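Subject: Handing over a structure

Hello,

Here is the structure I said I would pass on. Please look through it first; my notes on what I found follow below.

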Amino acid sequence: MTEELERFLLQLTEPDNAVIQQATEQLKQAFKQPAIIPALCAVMTGSQNQQIRQSAAVILRMRVKKQWSKIMPNDRESLKAVVLQAFVQETEHTVQHSLSQLCAMLVKHETPERWPALLQFLNDATKSTNPQERQRTACMKIIQSNQTPPSKPHYCQLLQLFSTVLRDLSNPTALYYCILSITTITAYSGTEEMNPMRAIIPSLITALKHLIKADQDKASEAMEVLNELIECEVSIIVPHVAEIVRFCLEVGIDTTHSDSLRVKALSCITFLVKLKSKALLKEKLLNPILQAIFPILTAAPPPGEQDPEDDEDVIDTMALHMPPEKLFQQLMPLTQACLASENPYQRKGGLLCLAVLAEGCADHIRTKMLSPMLQAVCQSLSDSNQVVRCAGLFALGQFSEHLQPEVSKYCSELMPLLLGYLSSLNDAKVGHITKAFYALENFMENLGSDIEPYLPTLMETMFSALNNTENFKIRELAVSAIGAIANAAKELLVPYFPPIIESLKGFLTATAEEMRSLQTQSLDTLSVLARTIGKDVFSPLAAECVQLGLNLTDTIDDPDLRRCTYCLYSAISTVSPECLTPHLTAITTVMLHALKSNEGITPHLEEDKTFVLLDDEEENEETDEKDIDDFTDDEPKPDVEDITGFSVENAYIDEKEDACDALGEIAFNTGIAFQEFLESSFQEVYEMRDYPHEDVRRAAFSAMGQFCRAQHKVWKENQTESNHHALMKLLELVMPVLLETVRTEPEREVAMAIVESMNNVIKSCKGEVFKNPTRLKEVCFVIRDLLKKKMVCQDGGDDADDEEQQAEYDAMLQEYAGEGIPLLAASVPADSFAPFLNDLLPLIMSKAKTSCTEAERSFSLGTIGEILQALVSVPGGRGLAGRLSNRLLPVLVAGVKDRDAEVRNNSVFGLGCLAEAAGPIVVSDYPMMLSVFSNLLAKETDLSVIDNLCGALCRMITGNIDAVPLEQVVPALVARLPLKEDMEENKTVFNCLARLYTHSPALTVKLMKPIVAASTHILGHKDVDEETQRTTVMLMREFAQSHSADFQASVMSLSGEQQAKLSTAMSAS
């Protein structure tokens, strides 16, 4: 049978289809014979043809994988012996590779304990002086890649073997496979393996150095072991971090190495910065890294090549993961030297450095560095070298995106510069214009109504670009810029709306393939217009826009285009949800298909797994024949276990992300109409919670929270038992997932999204979230552990020092957690929350110390204020606020004297909330609080702080009106009206004034003129809620009816515009 089998396998390699067909039929019969295993073993060891030996090994592996239970015990034992024998005698690398995979599959079923000969074989071969045998041992790496957990008890023994192989520097192939083996087992290593793993790191680095000399491609792949070691939960690399950094820097800066190898080395540094920044700072490695990185960042590209786009990744990651004070101390001297250089590429490098600092170090730059950094960027915009100007535009775009609102204050200086760039649209290179548009968009987007003087020039430029150029890229940039203008201008853009829509419709109904990216951008801008131009203006177009989106996805199969239609539907749901209702079936079908779809996913197969192997897993002949056919198929489907990894096109990842986001928003905005789609949408979004890409996970967790809010909204509008049951069922699914995942999620941004989603659910659903008796404790413990930096994504844990400086994004995650505390306080009775609040408050108050950053102090005092504000309206809140007053009062009073306006602002707000919440309990502290406020009011210049002072005085009056000397306080308060910055405080102020009128009408009437004048500033104001406007109108009517002469005198002192506004408001029903 052996000879026949070999002949059949040989015939399968013939170029003749008839021969292949005949051999296939014969193999089908042969594979039904009980002697097939011994026969394949004989072919695997005895054939003279390398390809036949390999085929036999591969077929045996598939037999073992799927038919192990059907293989006779004696055949199993002989197979284990034969495969080791074949390893000893085999000289061809490809066959060795397949033999190692067969071994891997055997170990999967026969653990090392049941196959002692394997470990003995490995041990003997490792100690052998024959380099071929050591190479074969290294080849056994595939065993680990396929079955790591079963051999885990033997990891320490395997690590000793690997240590031996690593010392044989003369055998690069053995080193390569050995390092890949270490890479594989690292992910499964625990505390037992920590010491032997640490011990081999010096040998590992030496081996990598020798492998680089022998084969840079293999070395680049092998260097993945460093990322695995860095990522390992057990801290293996910390004692060797300096050695690893030195090695990676040596490789990264060596221009004789291949680009891929250098990029790999630098990406290891980036990964280290992301995951082990504390260790790098402790070992004083920041400066050596920067000294090595800067020459790369500032190097001119080779002749004829473009500038690389991502040389600044390491510094970008440092900004996101290191304390700004420590980073800037080392970085700025290098950056300043570059900016002052005669070399344009050094100037460019310095600007890129400034640019990538903006996101991660925003607070530090805004409060300490903004003016000199912005000055450097502005100077670069008039540089004689275009490379420098481009970098300056990129930096300005980054500043505009991340350093708000401070950057917008430089509007009068920056807008003329940016408009000057756009005036030469047709003369510049597209790359340069792209950067100019990027800077302009980010800058304009945050201007708000300050954009008004520039609108005519801007829109003239945009329409010119849309209508006069044949360059699709310029049109696309202009369409995108119109979206940014709309974000700032909002209803100010209404006069330009018809021609904008006309242009967008023209682009969206075109059929030419080259219009595709312009169409996706047009959809994005249409979505922005839906959200910004005003409901009255956009609603008449809503139904047409929905149909336009559906037509596009029906006729064009493009993930980017589909993604943009999801965003459009989502935007329309905010202004005209009823227009979506008839189309929800079609819309959700497309989105759910996007979530289920595997489009854009490419599996990566093992080297010899690109053909599917003969297998008769099923007993019936049909399956047997199908597998034979698969064996001869040109494009067989790979088995899941043959796949070593996947890559996914970005467009399909983005589509899944936007589908999740859109489903969540549409569910909330369409309410009851979405009910029939909620369960199926939730199921598909829920499946995305473990998706490999973090952006999809982030969107999934956000959407889950939106689904809870949507169901709660439906229940509030129709409080049936079934609606409440559906809400509770959803909360019982979502809350545990959020609470568990935030602990284990490795990506900080996803953890933020989880906490934000949880906060939104608590804010909307309040007490319903806590019907489960353990839920309050679970949520509080998660917040506590986030504040203590105990989560996987927080580099620290139990040994983290709360006093040490941290990266701003780490602080931001803690702020998200802190925002949950006032929400809890507002959702449950105070007595239930009190024990948990007692544990959480010290963690918040610790960030109010003068040694903390302005952002931390502001967060701490703002959170305390919001907790007290929440206690005003919950059962038992007054008593709890009173019990906390002795602890909180000194912290808040100290904050009022802070040098930072935002900290003062939050402290004043907190004191007012304490007075309102505790009321009579803190009456003895009223004189001291009034004295603090009086002193501050006399010298304060920040408008927002003055507004909050007015609010705080009103809260004191509301909390205990009899304890306030109204004759002195109220005139001082009214003199500061109208509020200039913090429009939300108008609610507190005018509620208080209405109450004062009831309590002390004579005093209020005496101050009628300034009160009436102040009212005209809030009536009709878009940032003042309707309830406050109604309260104000009622007070004005009381004045008019009961004190008509005084009221008329007050009205006559107003301007004509103010009189008209007041008259309109008072005559409205």
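Is Gly910 buried or exposed? Gly910 counts as buried, because its relative accessibility is 0%. Before going further, please keep in mind that this is a predicted model.

To finish with that residue: Gly910 belongs to helix α44, which covers residues 901–918. Not counting residues up to four places away in sequence, Gly910 touches Gly865, Leu868 and Leu892. Leu889 is 21 residues from Gly910 in sequence, and their C-alpha atoms are 9.1 Å apart in space.

The chain as a whole

The chain has 1069 residues, and 57% of them are buried. Its secondary structure consists of 53 helices and 2 strands. Among the contacts with a separation of 6 or more, 74% are between residues 24 or more positions apart. The chain exposes about 44800 Å², and carbon and sulfur atoms supply 50% of that area.

Another buried residue in a helix

Asp658 sits in helix α34, residues 650–670. It counts as buried because its relative accessibility is 14%, and the cut-off for buried is under 20%. With neighbours within four places in sequence left aside, Asp658 is in contact with Arg563, Tyr566 and Cys567.

Helix pairs

Two packed helices are described by the angle between their axes and the distance between the axes.

The axes of α17 and helix α19 (residues 324–339) cross at roughly 25° and come within 10 Å. The angle is under 35 degrees, so α17 is roughly parallel to α19. The crossing of α17 past α19 is right-handed. On the α17 side the contact involves Leu286, Asn287, Leu290, Gln291 and Phe294; on the α19 side they meet Lys326, Leu327, Gln330, Leu331, Leu334, Thr335 and Cys338. By class, the residues in the contact of α17 with α19 are 7 nonpolar, 4 polar and 1 charged.

The second pair is α35 and α37. Helix α35 (residues 675–687) packs with helix α37 (residues 721–744) at an angle of about 10°, and their axes are 13 Å apart. These two helices, α35 and α37, are therefore roughly parallel to each other. From α35 the contact takes in Gln675, Leu678, Phe682 and Tyr686, and from α37 it takes in Asn723, Leu730, Leu733, Val734 and Val737. The contact of α35 with α37 has 7 nonpolar residues, 2 polar ones and no charged ones.

Helix α50 (residues 1008–1018) and helix α52 (residues 1044–1052) have axes 9 Å apart and pack at an angle of about 55°. That angle makes α50 oblique to α52. The crossing of α50 past α52 is right-handed. Here Met1008, Lys1009 and Val1012 of α50 meet Asp1046, Phe1047 and Ser1050 of α52. The contact of α50 with α52 divides into 3 nonpolar, 1 polar and 2 charged residues.

Backbone points to check

Most residues other than glycine have a negative phi, and most peptide bonds are trans. The following places depart from that.

Another cis peptide bond joins Leu977 and Pro978, where omega is about 0°. Pro978 is in the loop between α47 (966–975) and α48 (985–999).

Two lysines have a positive phi. Lys284 is not a glycine, yet its phi is positive at about 55°. The loop that holds Lys284 runs between α16 (259–282) and α17 (286–297). Lys284 counts as exposed, because its relative accessibility is 70%, and exposed means over 50%.

Lys789 is also not a glycine, and it has a positive phi of about 60°. It lies in the loop between α39 (775–787) and α40 (808–827). Lys789 is buried, because its relative accessible area is 6%.

Regards

Key. Residues are numbered from 1 along each chain as its sequence is written. This is a predicted model: local features need pLDDT of at least 70, side-chain atom pairs count only at pLDDT 80 or more; totals for chains, interfaces and linings use all residues. Side-chain values use heavy atoms; hydrogens and water are left out. Axes are lines fitted to C-alpha atoms, for helices over the stretch in contact, and angles run from 0 to 180 degrees between N-to-C directions. Helices (H or I, at least four residues) and strands (E, at least two) are DSSP runs, numbered from the N terminus. Angles under 35 degrees count as roughly parallel, over 145 as roughly antiparallel, 65 to 115 as roughly perpendicular and the rest as oblique. A crossing is left-handed if the near helix is turned anticlockwise from the far one by less than a right angle, and right-handed if clockwise. Contact means heavy atoms within 4.5 Å. Ala, Val, Leu, Ile, Met, Phe, Trp, Tyr, Cys and Pro count as nonpolar, Asp, Glu, Lys and Arg as charged, and the others, Gly among them, as polar. Buried means under 20% relative accessible area, exposed over 50%, partly exposed in between (1.4 Å probe, protein chains only). Accessible areas come from the Shrake-Rupley method with a 1.4 Å probe; for residues, only the protein chains shown count as cover.
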